[in-house]
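Trainee: Could you go through this structure with me slowly, one question at a time?

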Amino acid sequence: MTEAGFRDLANGLEPQMLAERVRDGMSEKDPTLKGYGIGVEAIGPGYAKMTMTVRKDMLNGFGICHGGFITLLADAAFAYSCNSHNEMTVASGISLDFMAPGRPGDVLIAEAKELFVAGRTGVYDVTVVNQKGELLAMMRGKSYRLKGRAVVDL
């Protein structure tokens, strides 16, 4: 095992406090969140809930939210969820299904939950609903941990 493998990436913090510190560190360096008005509503170990309001500049030619923006929100929740343990983690793949369109002014809510983590890999499910709770999309994300590399220095 390398020296990095022995690093204490939690520095003694409780899992919830650690997730909050990671959220703060990640969002501070994430211009995409600010640019698209994405807010982190909740964070926990292996969990993230994020919101984004559908703006006029996010609409496609049919007057509905472009699927790329829904995917962006789902992917952001996935990223915060899988990095909440303070071990740098990247996506190795996603699969997303659209159920219904996002409309102008809709508040989209993405909720990511960790299903399984073993070694360097993990599996996460993300749902995207609107402010009425109507399901718009479901995403499954697969993650890959970069062992021993902290997301934030504690």
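Mentor: Helices (H or I, at least four residues) and strands (E, at least two) are DSSP runs, numbered from the N terminus. Residues are numbered from 1 along each chain as its sequence is written. This is a predicted model, in which local features need pLDDT of at least 70, side-chain atom pairs count only at pLDDT 80 or more, and totals for chains, interfaces and linings use all residues, while side-chain values use heavy atoms, with hydrogens and water left out.

Trainee: Is asparagine 86 buried or exposed?

Mentor: Asparagine 86, found in the loop between H3 and E3, is also a residue other than glycine with a positive phi, near 65 degrees. Because its relative accessible area is 0%, asparagine 86 is buried.

Trainee: Which element gives the most to the lining of the largest pocket?

Mentor: A pocket is an open set of points on a 1 Å grid over the protein atoms alone, with protein on both sides within 12 Å along at least five of seven lines, and lining residues have an atom within 4 Å of a point. Among the residues lining the largest pocket are Asp75, Phe78, Thr89 and Val151. Helix H3 (67–82) and strand E3 (89–98) each supply at least two residues of this lining, and the element that gives the most, with four residues, is H3.

Trainee: What relative accessible area does methionine 99 have?

Mentor: Methionine 99 sits in the loop between E3 and strand E4 (107–118). Methionine 99 counts as partly exposed, because its relative accessible area is 46%.

Trainee: Is methionine 139 buried or exposed?

Mentor: Methionine 139 has its place in strand E6 (residues 135–145). Because its relative accessibility is 3%, methionine 139 counts as buried.

Trainee: What distance separates the C-alpha atoms of methionine 139 and valine 128?

Mentor: Methionine 139 and valine 128 are eleven residues apart along the chain.

Key: On a 1 Å grid over the protein atoms alone, a cavity is a set of points where a 1.4 Å probe fits but cannot get out, and a pocket is an open set with protein on both sides within 12 Å along at least five of seven lines; lining residues have an atom within 4 Å of a point. Buried means under 20% relative accessible area, exposed over 50%, partly exposed in between (1.4 Å probe, protein chains only).
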